[in-house]
Each structure stands twice: as C-alpha cells, then as structure tokens.
Amino acid sequence: MKGFLRKDGRKGIRNITAVVYLVECAHHVAREIVFPFRDQQVHLIGFPGCYPNSYAYRMVRQLCTHPNVGAALLVSLGCEGFNRAALLEEIRASGRPADAIVIQQEGGTRKTIAEGHRWIRAALEQLKATPTTEMGVSDLIIGTVCGGSDATSGITANPAVGRAFDRLIAEGAGAIFEETGELIGCEAIMAARAARPELAPELLACVDKAARYYTTLGHGSFAPGNAEGGLTTQEEKSMGAYCKSGNSPIDGILKPGDVPDRGGLYLLDVVPDGEVRWGFPNISDVQEIGELIACGSHITLFTTGRGSVVGSAISPVIKICANPETYRRLSDDMDVNAGKILEGEATLEEVGNEIYDKILQVAAGAQTASEALGHQECSIVYKSFEPTGPACMPA
Amino acid sequence: MNTSSPQLLRLHEADNVLTVLSTLEPGDALHLGQTVLTVDKRLPIGHKVAARPIAAGEKICKYGVPIGSAVCAIAEGEHVHTHNIKSDYLPTFERENQHSYFQPTP
C-alpha cells in the first residue's frame with residue numbers, strides 16, 4: 001500500500017487538514033471554516049477549556065502532527081490560555097504548513113471565516129503535492145476500544161479483534177489497547193503477560209490506579225446500557241473487554257500522546273496520575289479514540305454490542321458489531337459483522353482475518369462506514385499525567 | 001469453548017453461568033443438560049442464566065474467573081443479573097426506571 005510521507009519521516013494513510021479551535025469560544029467559527037470542505041478531508045478538532053492544561057496541549061499537538069495530518073489551521077479567540085505560539089512553532093517544526101488566525105484580531109466571526117476559507121483552499125492545493133511512499137503492516141499502529149458493550153462484545157467482536165491483533169503484532173505492527181478502568185479484575189492475568197519482569201508491577205499499578213480513581217468517583221466505566229445488554233458487573237465487562245488484547249506479550253505501557261517507536265502490544269493508561277480531579281478519566285468513547293490517535297494510531301478498531309455510530313477526526317474508525325441483532329438494525333454504521341459468529345456463520349478466526357483484511361483496505365484508502373457518513377468526532381478534556389516511567393517502555 | 005446446548009454458551013468449564021445466544025421469550029423451553037425448564041420472563045441475547053443452583057454468597061464464574069458474588073440463592077436456570085449478584089469491586093448503576101431492586105450505594 002502507499003502512504004503519505006511527512007517531512008518528519010512518519011507515514012500516514014490519510015492527507016488531512018486539521019482546523020483546531022483553541023477554546024470553546026472559537027468552536028463555531030472553526031466549524032464554519034470546515035463546513036464547505038468537510039468532504040475534502042478537512043477535519044475539526046479542538047479543546048474547549050480556557051485554562052491552560054499540559055495534557056490538552058500535548059493531545060492537540062500530537063493530533064496536529066499525526067502522520068495522517070498534512071496541514072493545520074489554529075483558530076483562536078485571542079484571550080484564551082492555550083499556548084498558541086508554541087503549538088504553531090511545533091507544528092511548523094514538523095514540516096507541516098500551519099497558521100493561526102485570531103478572531104479578535106481578524107475582526108470577528110465573518111472575517112475570520114472568510115480568511116479561514118482562503119487558507120484552506122491554499123492548503124488543499126499545497127497538499128496535492130504530498131509525496132507518497134511504500135507502506136507495510138509494520139508501519140501501522142492500530143488502536144482498539146469498545147463502546148456500547150453488551151454480553152456479546154466479549155464473546156464475538158472482542159476476541160476476534162484479539163485474533164487480528166496477534167496477527168498484526170506478528171507482522172511488526174504496533175497495537176494499542178486501553179481502558180484500564182475496564183480491566184479491573186483482570187490485572188493479575190494481564191501482569192503474567194508482561195514481556196519483561198519489570199513491566200508486571202507497572203501493569204498492576206496501572207489497574208490499581210484506575211480502581212482507586214473510579215472508587216473515589218463512585219462510578220465505574222459501567223453504563224446503564226451495559227446492564228440492559230446482559231452485563232452485570234464491572235469485572236464481567238472487564239474480562240470481555242480484555243480479550244481485545246489477544247495473546248501476544250505486553251511490551252509496554254503508554255500514556256496519552258506517547259507514540260511507540262517500534263511494533264508490539266501496548267497498554268494505554270488513560271487514568272490521570274495524582275489526586276482525583278476534573279471528574280471522570282474518560283467521559284465518552286470518543287475521548288478514548290482521540291487518545292489512541294494521539295499515540296499514533298492510524299486506524300482504531302471499535303467493537304460495539306449495543307451499537308455505537310461514532311467515527312473520529314484524523315484517523316478512520318473500523319466498527320465491528322458484536323451483536324447480530326444490532327448489526328441488522330444499524331448495518332449502515334458498521335464495517336464488520338462479528339455477530340455472525342453467534343449465528344454459526346463464521347468462526348472467531350474467520351472474523352479475525354476479516355478485520356485484518358479490512359485494516360489493509362482502509363489503510364490503502366477505502367472509506368470506513370463512519371468516514372462515508374461524515375463522522376469526525378473529537379473530544380479533549382482536562383487531565384494530568386506524570387511522565388511515563390522507564391520500566392514501561394522496551395529498552 | 002463448548003456449548004451446553006444450542007441456546008446457551010458456556011465460556012469456560014469452571015463457569016456456573018451460561019450466556020443466552022438468542023433471545024428467549026416467556027414460555028420457551030430452556031434446555032440445561034438433561035433438565036428442561038420453562039422460561040418465565042424475556043431473556044435477551046447476552047444475558048446469563050445459572051448453570052446449576054448457586055448459594056447466597058457464592059462467587060459467580062464466567063470466562064473461568066469470578067465476575068461477582070450471589071446476593072441470594074439462585075435456582076438452576078434462573079436469570080443471573082443485577083437483582084441477584086453484585087460486583088466485588090464497584091457498584092453497578094442502572095437507569096432509575098429499570099429495576100427498583102437495585103439501590104446504588106453512595
């Protein structure tokens with residue numbers, strides 16, 4: 001397959017222009033700038049908060065310099081706390097065309113939108129000349145997340161993703177699973193899979209942190225829809241979620257924005273460090289997908305039993321439906337029907353291979369269901385992390 | 001993975017619950033090995049039933065690992081869910097209008 005070669009050497013599967021609002025007050029203007037170009041790989045991302053936050057800064061920077069992104073336009077109100085100048089400098093240093101427009105300086109909504117449209121037209125012209133390069137499975141980073149889970153998720157779609165993960169990792173790809181809050185109850189089983197002895201206590205600590213965080217907040221990752229779908233407890237949901245990781249050794253732990261420098265299986269620790277603040281670690285599936293993308297994911301595998309419809313800005317989302325009844329109801333939104341395993345029409349291995357093939361097709365340019373429907377979700381909230389410890393990454 | 005009957009899936013030999021593979025309606029026959037029971041309430045796909053009688057306080061096993069504990073005695077074939085088992089980690093929350101029997105702890 002062919003990929004887009006960035007000046008920083010990274011290889012992308014899409015050639016996206018990111019339009020970034022740096023505070024909620026600039027959201028509408030940024031959305032209006034994107035609107036006429038929304039079918040031309042121009043995506044809207046942003047951070048709503050006015051107060052600066054180093055996690056949010058890192059998230060936005062990693063998304064703007066993601067290998068799928070070719071150019072970025074920052075849209076600022078003017079008085080927000082986001083470090084616009086530093087971000088602009090870092091994006092430009094990566095070799096990507098980038099600019100910032102400030103609504104207060106530009107002369108308001110109408111003038112900023114017009115200036116944004118002018119900039120996008122020029123950027124799209126420039127991106128036509130992006131060089132392409134040969135890309136293989138070992139150049140890919142694939143993330144996985146589950147959302148709207150029911151009891152079928154853990155017996156069809158999730159173990160099928162695990163099969164696809166094992167195959168990708170064997171061929172040198174990077175693979176990331178996450179949701180430490182949904183791994184509560186499987187920590188000991190997971191620690192036994194650590195590729196290096198020093199990683200095992202880090203894996204245990206990671207889940208322990210999640211358990212403490214959720215206990216303080218009095219609420220797990222368990223949503224009412226999970227119970228309606230037949231799941232009863234956090235640990236039951238956890239076991240079903242855990243099997244997405246497959247059977248390969250776990251090579252490392254990432255925090256949002258850490259990009260693995262080699263292939264292998266990684267756990268993404270999404271629960272903030274330090275005291276509990278700013279509420280739930282992840283307020284929605286969309287936010288988790290964004291964190292996987294900030295870690296370099298070219299594609300996210302999203303398994304769902306109840307039937308999520310989301311996609312994402314920056315990187316395509318392949319939706320794998322676990323429940324055959326849901327698949328029939330929401331088939332327009334789904335890419336893979338893993339529910340057919342329950343109806344005896346396919347084995348786990350066959351669906352695992354179907355997911356693998358789908359990844360290669362999407363990496364080569366085929367649109368996912370959510371891309372075709374225009375989904376471009378993005379959600380970044382306040383969080384704080386300490387730097388990733390040395391034991392967490394392969395030497 | 002071996003099925004105890006086509007309606008139900010046993011994920012691990014050590015499990016004391018089975019997963020419903022296709023939605024069962026009241027009046028449907030539920031085949032549990034040699035035992036045939038009559039379903040008394042709708043059991044949607046993905047829900048669980050007891051593979052054998054389970055005592056109050058006993059661990060509930062799925063995937064070969066404990067997923068919670070029984071809060072009361074559960075009969076063979078009975079629906080196993082938030083009304084008769086609880087998490088050993090965190091309380092399970094449901095929408096207010098769902099089940100009055102579940103009171104989330106503060």
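1. Helices are DSSP runs of H or I with at least four residues, numbered from the N terminus. Two packed helices are described by the angle between their axes and the distance between the axes. The model discussed here is predicted.

2. Take the helix pair first. In chain A, α2(A) packs with helix α11 (residues 285-294) at an angle of about 65°, and their axes are 9 Å apart. The crossing of α2(A) and α11(A) is left-handed. On the α2(A) side, the contact is made by A:Y55, A:M59, A:Q62 and A:L63. On the α11(A) side, A:Q287, A:G290, A:E291, A:I293 and A:A294 take part. Sorted by class, the residues of this contact are 5 nonpolar, 3 polar and 1 charged.

3. Next comes the sheet. Chain A has an open sheet of 4 strands in the order β4-β3-β5-β6, with parallel pairing. Its edge strands are β4 (42-46) and β6 (98-102), each of which pairs on one side only. Neighbouring strands are turned by 20° against each other on average, direction ignored.

4. One strand pair can be followed in detail. Strand β3 (residues 16-21) pairs with β4(A) in the parallel sense over 5 bridges. Which residue of β4(A) is the bridge partner of A:A18? That partner is A:H43.

5. Helix α3 (residues 84-93) of chain A lies across β5 and β6, running at about 160° to β6(A).

How values were computed. Residues numbered from 1 in each chain as written. Chains lettered and ligands numbered in written order. Predicted model: local features only at pLDDT ≥ 70, side-chain atom pairs only at ≥ 80, totals over all residues. Heavy atoms only, no water. Pairing = 2+ DSSP bridges. Helix = DSSP H or I, 4+ residues; strand = E, 2+ residues; numbered from the N terminus. Axes fitted to C-alpha atoms, helices over the stretch in contact; angles between N-to-C directions. Contact = heavy atoms within 4.5 Å. Left-handed = near helix turned anticlockwise from the far one by under 90°. Nonpolar A, V, L, I, M, F, W, Y, C, P; charged D, E, K, R; others polar.
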